[in-house]
Amino acid sequence: MPSSKAKTRTIHVGALTRVEGEGALHLIVEDGKLVDLRFEIFEPPRFFEALLRGRHASEAADITARICGICPVAYQMSTLHAIERLFRVEIDPAVRALRRLYYCGEWIESHALHIHMLAAPDFLGCESVVTLAEKQRPAVERGLRIKKAGNNILTLLGGRSVHPVAACIGGFTRVPRPAELTALRDELARVREDAVACVSWVAGFDLPDRHLDIEFVSLRHPDEYPMNDGRVASSKGLDCAQEEFEDYFEEHQVPHSNALHAKVKGRGPYFLGPLARVNLNLDRLGAGVTNLARDAGIRFPSANPYHSIVARALEIVYAIDEALRLIDSYAPPAAPAVSYTPRPGTGRAITEAPRGMLYHAYETDDRGLIHAARIIPPTSQNQAQIEADLRELAPAILGRSQAEATHLCETVIRNYDPCISCATHFLKLDIVHR
Amino acid sequence: MIRVIGIGSPFGDDAAGLVVAQTLAAAPPPGAEVVVADRPGADLLELLDGVEAVILIDAVQSGAPLGTLHDLDLEALPQEGFALVSSHALGVAEAVQLARALGRTPARGRLLGIEAAPARAASVEEMTPTTGAAVERAVRRVHEWVERLTSVT
């Protein structure tokens with residue numbers, strides 16, 4: 001019987017915009033109930049794990065860095081730490097500090113890009129960063145300045161800002177002279193003001209009030225905000241070594257995605273990324289950064305995924321402070337890289353990519369040739385959580401127009417800053433209301 | 001100062017803009033600096049900034065015969081109707097559009113487009129011969145443009 005209020009609605013977003021890579025969303029609502037929800041990643045599989053087989057361990061970091069144009073440092077770091085753990089390579093503390101600085105550069109660059117070019121338009125009624133630039137030019141200029149400061153760290157330490165090349169087993173192929181690092185200092189100190197302004201800017205957005213039952217997961221380190229090291233911790237009490245990751249987490253296939261889904265064994269979806277890290281490591285951020293959150297009126301820990309953008313902005317300030325500290329205390333290592341001897345076995349490591357934990361495992365033989373590789377990127381781990389988040393949202397979209405419903409769903413997805421290219425193994429929106 | 005920016009990936013016909021820039025970089029036209037920019041994404045904004053004129057060179061697909069050279073004014077690139085598909089796909093037109101919104105576009109800018117074969121129709125290793133043969137003509141065209149732009153400056 002025809003009625004003015006259709007009982008079934010379909011929302012289909014054929015190609016999600018403002019995300020990294022290609023994906024879609026398909027939702028079917030029947031009699032006010034969500035009957036089908038598929039967050040589809042159709043960017044084709046890329047077979048990196050297979051093409052690493054037979055390669056020498058020393059080639060792996062340059063291959064995996066090609067997985068992502070936004071977070072190549074994360075891929076290099078997880079690869080190198082896994083292999084160094086296996087080969088029992090002890091890196092120089094100065095190299096460790098440089099790698100942390102290198103990671104700060106990537107967080108700054110990736111977070112600034114996501115906040116200003118991908119997420120902010122959602123909250124300001126703009127179609128894209130171009131319309132945002134027309135409305136709020138100083139804010140976009142500010143974002144670009146922050147991003148550039150991050151790029152410059154990557155260029156110095158990695159040789160170039162896109163697909164950097166200088167990180168290697170045991171260290172770097174070249175380390176900077178102290179004067180080269182000092183040259184970055186003034187720009188970082190200047191953009192710190194921009195980053196502080198960015199925190200109050202995003203905290204001032206009309207962020208919806210939502211509280212979900214979420215298991216947040218991130219690394220946790222005894223004294224540091226986590227980047228390269230730490231144990232795996234969750235907001236529901238999980239605590240394990242990086243090497244035990246596969247004992248506590250599992251991946252499974254779903255027909256609608258080229259990326260594997262993941263869950264905490266015996267429980268369910270979990271949430272990775274800046275909000276998880278801030279929630280679980282508030283005491284490691286330092287008063288300078290936590291006071292900014294307090295002054296902006298956002299309380300952490302927070303179970304509101306919309307607070308992700310605030311967490312991301314706080315992490316930019318943290319990464320700038322940390323970069324300045326590392327630059328000021330830099331003394332070059334004795335050698336850019338320490339030597340190593342390949343060993344047979346399996347090495348596993350997790351580092352904190354801008355989007356969350358990135359797990360790598362490599363099995364090598366006594367010559368250092370790779371027999372098996374496993375790469376579990378943060379976006380693939382977040383997929384099930386994104387679907388859970390959308391399921392919670394479903395009742396709220398029923399009374400909305402197609403355009404509003406679609407925008408709401410896309411905003412929820414963008415809270416996770418999904419990097420679909422990395423995960424494929426992302427978005428068109430398809431909502432069916434029956 | 002004129003900045004000549006070659007854009008593209010090293011694969012197949014998409015390399016056309018890069019190869020032209022590499023050739024020009026070996027003997028840059030007087031008054032111009034040449035940047036082999038690979039796929040600059042959002043970083044193209046930086047490259048458009050701080051110069052009087054830019055010449056962008058990129059592979060394009062319009063349905064014209066392979067190797068056809070297209071001469072476009074940057075101002076004439078579409079002004080509306082773009083949705084940024086992703087930051088991966090922050091293409092030349094989007095970057096130019098964002099630069100324009102930020103008041104960063106140089107006073108003069110041209111795009112030299114080289115008609116290329118679709119990725120699937122071309123070899124990953126090398127350019128299709130017809131596109132490859134356009135490289136030399138494209139290099140000459142850039143020299144002419146630089147000469148004309150510097151004589152006006």
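Helix axes here are lines fitted to C-alpha atoms over the stretch in contact, and angles run from 0 to 180 degrees between N-to-C directions. All views show a predicted model.

**Figure 1. Helix α4(A) against helix α6(A).** Helix α4 spans residues 93-123 of chain A, and helix α6 spans residues 137-158 of chain A. Their axes come within 8 Å and cross at roughly 150°. Angles over 145 degrees count as roughly antiparallel, so α4(A) is roughly antiparallel to α6(A). The crossing of α4(A) past α6(A) is left-handed. On α4(A), the contact residues include Leu98(A), Leu101(A), Gly105(A), Ile108(A), Ala112(A) and Ile115(A). On α6(A), Val140(A), Gly143(A), Ile146(A), Gly150(A), Ile153(A) and Leu157(A) are among them. The residues of this contact divide into 14 nonpolar, 6 polar and 3 charged.

**Figure 2. Helix α4(A) against helix α11(A).** The two helices pack at an angle of about 150°, with axes 9 Å apart. That makes α4(A) roughly antiparallel to α11(A). This crossing is left-handed. From α4(A), the contact takes in Ala97(A), Arg100(A), Trp107(A), His111(A) and Ala119(A), among others. From α11(A), the residues include Ile309(A), Arg312(A), Glu315(A), Ile316(A), Ala323(A) and Ile327(A). The contact of α4(A) with α11(A) is made up of 16 nonpolar, 2 polar and 4 charged residues.

**Figure 3. The two faces of helix α10(A).** Helix α10 covers residues 287-296 of chain A. Its buried residues are Val289(A), Leu292(A) and Ala293(A). They lie on the same side of α10(A), because they cover an arc of only 95° around the axis. An α-helix has 3.6 residues a turn, so residues three or four places apart point the same way. What covers the buried residues of α10(A) includes α7 (178-203) and α11 (308-328) of chain A. Turned away from the buried side are the exposed residues Ala287(A), Gly288(A), Asn291(A), Arg294(A) and Asp295(A).

**Figure 4. From the end of helix α10(A) into the loop.** Gly297(A) follows α10(A) and has a positive phi, near 80°. The loop between α10 and α11 of chain A also holds Pro301(A). The peptide bond from Phe300(A) to Pro301(A) is cis, with omega near 0°.

Figure 5. Arg88(A) is not a glycine, yet its phi is positive, about 55°. Arg88(A) sits in the loop between α3 (72-86) and α4 of chain A. It counts as exposed, because it has 11 C-beta neighbours inside 10 Å. Asp417(A) is not a glycine either, and its phi is about 45°, also positive. Its place is the loop between α13 (402-414) and α14 (420-423) of chain A. Asp417(A) is buried, with 27 other C-beta atoms within 10 Å.

Figure 6. Chain B has 4 helices and 5 strands. From the N terminus on, its elements run β-α-β-α-β-β-α-β-α. Of its 153 residues, 45% count as buried. Ala37(B) lies in the loop between β2 (32-36) and α2 (44-48) of chain B. Ala37(B) counts as buried, because 23 C-beta neighbours lie inside 10 Å. Leaving out residues up to four places away in sequence, Ala37(B) touches Ile5(B), Gly6(B), Ile7(B) and Leu47(B). Asp13(B) is 24 residues from Ala37(B) along the chain, and their C-alpha atoms are separated by 16 Å.

Conventions: Residues numbered from 1 in each chain as written. Chains lettered and ligands numbered in written order. Predicted model: local features only at pLDDT ≥ 70, side-chain atom pairs only at ≥ 80, totals over all residues. Parallel < 35°, antiparallel > 145°, perpendicular 65-115°, else oblique. Left-handed = near helix turned anticlockwise from the far one by under 90°. Contact = placed C-beta atoms within 7 Å. Nonpolar A, V, L, I, M, F, W, Y, C, P; charged D, E, K, R; others polar. Buried ≥ 20, exposed ≤ 12 C-beta atoms within 10 Å, placed from the backbone. Arc of directions from axis to C-beta.
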